[in-house]
Amino acid sequence: MHAPGAVEWVDDTIALMQAFENVYAEMSVINSLVPEADHAEVVRLFLEAGLGDRIMFGSENQPLGPIVDRIDAVPFSSAGQKEAIYCGNAARFLGPEEEFCRLPS
């Protein structure tokens, strides 16, 4: 599902994800279409709820530069959290990580 596009829906989304461990949130709407302050708040709330392992990168077909800048500005507790959002969480959801997170040579 899309992560919520507004901060007021985050609590419901977090409750749903906590109730159902197979629900992941794809971040394309909050990464590209909501104000930066809301983006940072939504990501912070997901991380504080312990759901950093179930949020996935998305772009909503928008330019990647500004989206990467937003994600890079989030104060992650480890580089691993950011790497998981960029690829690892989706790879775990879709299949073997080594098939999805490898950059072309």
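Reader: In which helix is the place of L47?

Author: This is a predicted model, in which local features need pLDDT of at least 70, side-chain atom pairs count only at pLDDT 80 or more, and totals for chains, interfaces and linings use all residues. Residues are numbered from 1 along each chain as its sequence is written, and side-chain values use heavy atoms, with hydrogens and water left out. Helices are DSSP runs of H or I, at least four residues, and strands are runs of E, at least two, numbered from the N terminus. L47 has its place in helix α3.

Reader: Is L47 buried or exposed?

Author: Buried means under 20% relative accessible area, exposed over 50%, and partly exposed in between (1.4 Å probe, protein chains only). The relative accessibility of L47 is 18%, so L47 counts as buried.

Reader: Which residues of α1 are buried, and what do they pack against?

Author: V10, T13, I14 and M17 are the buried residues of α1. Seen down the axis of α1, they fall within an arc of 100° (taken from the directions from the helix axis to the C-beta atoms), so they line one face of the helix. With contact meaning heavy atoms within 4.5 Å, these buried residues pack against β1 (25-26) and α3.
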